[in-house]
Amino acid sequence: MYILAPSLLAADFKILGQQIEETERMGAEYLHIDVMDGTFVPSISFGMPVIQSIRDISGQFFDVHLMITDPIRYIKEFAECGADGITFHLEAAKDPDAVISLIHELGLKAGMSIRPGTPLEAVYPYLDRVEMVLIMSVEPGFGGQTFMPEAYGRISRLRRQIDGNGYRVRIEVDGGIGKKNVQEVIAAGADICVAGSAVFKKRSISENISYFMKAFEEQGNGEVGKK
């Protein structure tokens, strides 16, 4: 069961509401929302006011990805503005267990992400506590990057670790996913595919999402993931 999470970072903010509604209408269960602080990553993106402003136009799962230093400072605020799940970077948290606990206390799903250069084994101690692990297949901070092939091996190893220990953890992959590699990403073990340019650029959003849904159906015998 697979889920498409269009990345808001690649949307056209002049017609943001219209584009979000189109992604939902076409079956995208999640909306991936990257929050960058200009410190943990070089770029600065949007924050709580944007999330709050779009919350009432979408029934999608708001998949908020915090690329910020010391994320525990803002977990409550992101919960209040409409996040359904919050993913934070292991490298950015002084006390990852405390961040996970706070996310859960607020009734949200907790996710943990790591940079491409961080050893995969660093997330293993937390697999019994999080609902999702986000594997970055590009360096975090900028959209439109090329997928790093070494991510396939990381996805597969994480899949074996999760399944071999009976954990109920989804694997999300973010960075450079499109028509050329979505089936390979799924085959490696991903459950959730984040796509920005491949959803919002070039052809119409409807055409782009239809391609992803077809790929999911072919790989999963007709079952497309639910939240």
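The model is predicted: local features need pLDDT of at least 70, side-chain atom pairs count only at pLDDT 80 or more, and totals for chains, interfaces and linings use all residues. Residues are numbered from 1 along each chain as its sequence is written, and side-chain values use heavy atoms, with hydrogens and water left out. Helices (H or I, at least four residues) and strands (E, at least two) are DSSP runs, numbered from the N terminus.

**Helix H4**

- Helix H4 spans residues 96–105, and its buried residues (under 20% relative accessible area, with exposed being over 50% and partly exposed in between; 1.4 Å probe, protein chains only) are Pro96, Val99, Ile100 and Ile103.
- These residues lie on the same side of H4, because they cover an arc of only 95° around the axis, the arc being that of the directions from the helix axis to the C-beta atoms.
- An α-helix has 3.6 residues a turn, so residues three or four places apart point the same way.
- The cover over the buried residues of H4 includes helix H3 (75–80), strand E4 (85–89) and strand E5 (109–114).
- Valine 99 belongs to helix H4 and counts as buried at 2% relative accessibility.
- Leaving aside residues up to four places away in sequence, valine 99 touches Ile72, Ile75, Phe88 and Ala93, where contact means heavy atoms within 4.5 Å.
- The C-alpha atoms of valine 99 and lysine 180 are separated by 36 Å, and the two residues are 81 apart along the chain.

**Helices H1 and H8**

- The axes of helix H1 (residues 16–25) and helix H8 (residues 205–219) come within 10 Å and cross at roughly 30°; axes are lines fitted to C-alpha atoms, for helices over the stretch in contact, and angles run from 0 to 180 degrees between N-to-C directions.
- H1 is therefore roughly parallel to H8 (angles under 35 degrees count as roughly parallel, over 145 as roughly antiparallel, 65 to 115 as roughly perpendicular and the rest as oblique).
- The crossing of H1 past H8 is right-handed, meaning that the near helix is turned clockwise from the far one by less than a right angle.
- H1 contributes Gln19, Glu22 and Thr23 to the contact, and H8 contributes Ile205, Ser206 and Ile209.
- By class, the residues of this contact are two nonpolar, three polar and one charged.

- Threonine 87, in strand E4, is buried, with a relative accessible area of 1%.
- Not counting residues up to four places away in sequence, the contacts of threonine 87 include Asp63, Val64, His65 and Leu66, as well as Gly111, Met112 and Ser113.
- Serine 137 sits in the loop between strand E6 (132–136) and helix H5 (151–164), and is buried at a relative accessible area of 0%.
- Among the residues that serine 137 touches, with those up to four places away in sequence not counted, are Thr146, Phe147, Met148 and Ala151.

- Most residues other than glycine have a negative phi.
- Aspartate 70 has a positive phi near 50°; the residue is in the loop between strand E3 (61–67) and H3, and counts as buried at 16% relative accessibility.
- Lysine 202, also not a glycine, has a positive phi of about 60°; the residue is in the loop between helix H7 (197–200) and H8, and is exposed, with a relative accessible area of 82%.

Notes: Nonpolar A, V, L, I, M, F, W, Y, C, P; charged D, E, K, R; others polar.
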